[in-house]
Amino acid sequence: MASYGPVTKKYWALWDSLKLHNGVLYRKWESDDGRSFRLQLVVPRSRVENVLEELHSSPSGGHFGVMKTTHKVRERFYWDKLKSDVDKWCRTCSTCTARKGPNTRTRGRLQRYNVGAPFERIAIDVLGPLPQTTNGNKYILVVMDYFTKWPEAYVIPNQEATTVAEALLQDWICRFGVPLLLHSDQGTNFTSAVFTGLMDLLGVTKTRTTPLHPQSDGMVERLNRTILNHLSLFTHRNQNDWDQKLPLFLLAYRSAVHETTGLSPFQMLMGRELRLPCDLLFGRPPDDPSSPVEYLEDLKARLEYVHLFARERFDINTSRMKTRYDAKSHEPAFKIGDKVWFWNPKRRKGLSPKLQTFWEGPYTVVKQLNDVVYRIQKKPCKPKVVHCDKLAPYNSAHE
Ligand SMILES: [Zn+2]
């Protein structure tokens, strides 16, 4: 072995955890507590790009940030320097860097909730109006479960309370049951109209609970932003097909780890990982066969464990998010020579601003004029003098 390069030596050191399955090389990867393991396909250098393309840049990849992408890749694959490859891929992905600035700019209110179990509390919001699609849709009803972070997005033609109530009943309640609490940031009138509409549809005349809480902790706002970002990347130029792009976005979101729970919404709900298009492309060892009874027992145990893990994470995360939030409230400082994105909301005629990306770059910081004003330039254009609110670091890791 002494004569081989460092990479070969690294794989050699892994010898005991490598195994062949139908002629394909896998690495057996155990979780930290040793309770579970998975098989990661060992990817040769030459195929790394295909994997990253599929898990980050494809429609079912969804252009998620470094953390989510790394999780998705590790769930399935192993190669030397995986983390740094993913990191680099996401940073240099030209399609998605442009949209990352706004996330660091808008701040949601941070509130704490004690979340209990799947589908007890849900939040709803209506996004729009967006350009009317060929199918006649103009709005998106966004629904999210607080505990599992399971997202749904239903396309609707208008935002009348009856339309919203009908969609909630047909698509959410018929699948997941009636929630105990319904949150919404829309006006109180709207929310109570939706609620009354729902009770009518359900044939419930009197209820002792009033599932109305016109407040949210930014959970749905963040999902909304992610949806709009995603649609702006994948929607056709004339913007009339965004309703067809939504389902694939949801697939990407449900299979990506959520930073609050540390697990993907799919895992939280089903207790196992979702099979993605890339699993067909690259193959994946099938799960061990089991009888329905065995499966149910096993599933119960896994879900209990998964939910316990998530509950612990909720606590850790609240403090971590708060620290990060506080750290961000300082003015960003740029140095001369720094590469930056510049926020330039120029409207293209006839297109909805909601589905456009407005970040231009990279610009170079030429001079700092005072604490908040900078001169920037993108050669061969003339320099601009801009407020730092309109700037974002070009190389920031995007989550
Ligand atoms: Zn990307």
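User: In this predicted model, in which loop does W150 lie?

Analyst: The strands on either side of the loop are β6, residues 139-145, and β7, residues 151-156. W150 lies in the loop between β6 and β7.

User: Does W150 count as buried or exposed, and why?

Analyst: A residue is buried if 20 or more other C-beta atoms lie within 10 Å of its own. W150 has 24 C-beta neighbours inside 10 Å, so W150 counts as buried.

User: Which residues does W150 touch, not counting those up to four places away in sequence?

Analyst: A contact here requires C-beta atoms within 7 Å. With residues up to four places away set aside, the partners of W150 are M144, D145, R254, P265 and L269.

User: What separates the C-alpha atoms of W150 and H258?

Analyst: Along the chain, W150 and H258 are 108 residues apart.

User: At roughly what angle do the axes of α9 and α10 cross?

Analyst: Two packed helices are described by the angle and the distance between their axes. For α9 (residues 219-234) and α10 (residues 242-255), the axes come within 10 Å. The crossing is right-handed. The angle is roughly 120°.

User: How do the residues of the contact of α9 with α10 divide into nonpolar, polar and charged?

Analyst: From α9, the residues are I227, H230, L231 and F234, and they meet W242, K245 and F249 in α10. The contact divides into five nonpolar, one polar and one charged.

User: Which strands stand at the edges of the five-stranded open sheet?

Analyst: The order in this sheet is β12-β11-β10-β9-β13, with antiparallel pairing. Two of the strands have a single partner each, so one side of each is left without a neighbour in the sheet. Those edge strands are β12 (384-387) and β13 (391-393).

User: What is the bridge partner of V340 in β13?

Analyst: Strand β9, residues 339-343, is joined to β13 by three bridges, and the two run antiparallel. The partner of V340 in β13 is P393.

User: Which strands stand at the edges of the four-stranded open sheet?

Analyst: This sheet has the order β1-β2-β3-β4 and mixed pairing. Each edge strand has a single partner, so one of its sides lacks a neighbour in the sheet. The edge strands are β1 (18-21) and β4 (77-78).

User: What is the bridge partner of V42 in β4?

Analyst: Strand β3, residues 37-42, runs parallel to β4, and two bridges join them. In β4, the partner of V42 is Y78.

Notes
Residues numbered from 1 in each chain as written. Predicted model: local features only at pLDDT ≥ 70, side-chain atom pairs only at ≥ 80, totals over all residues. Axes fitted to C-alpha atoms, helices over the stretch in contact; angles between N-to-C directions. Left-handed = near helix turned anticlockwise from the far one by under 90°. Contact = placed C-beta atoms within 7 Å. Nonpolar A, V, L, I, M, F, W, Y, C, P; charged D, E, K, R; others polar. Pairing = 2+ DSSP bridges. Buried ≥ 20, exposed ≤ 12 C-beta atoms within 10 Å, placed from the backbone.
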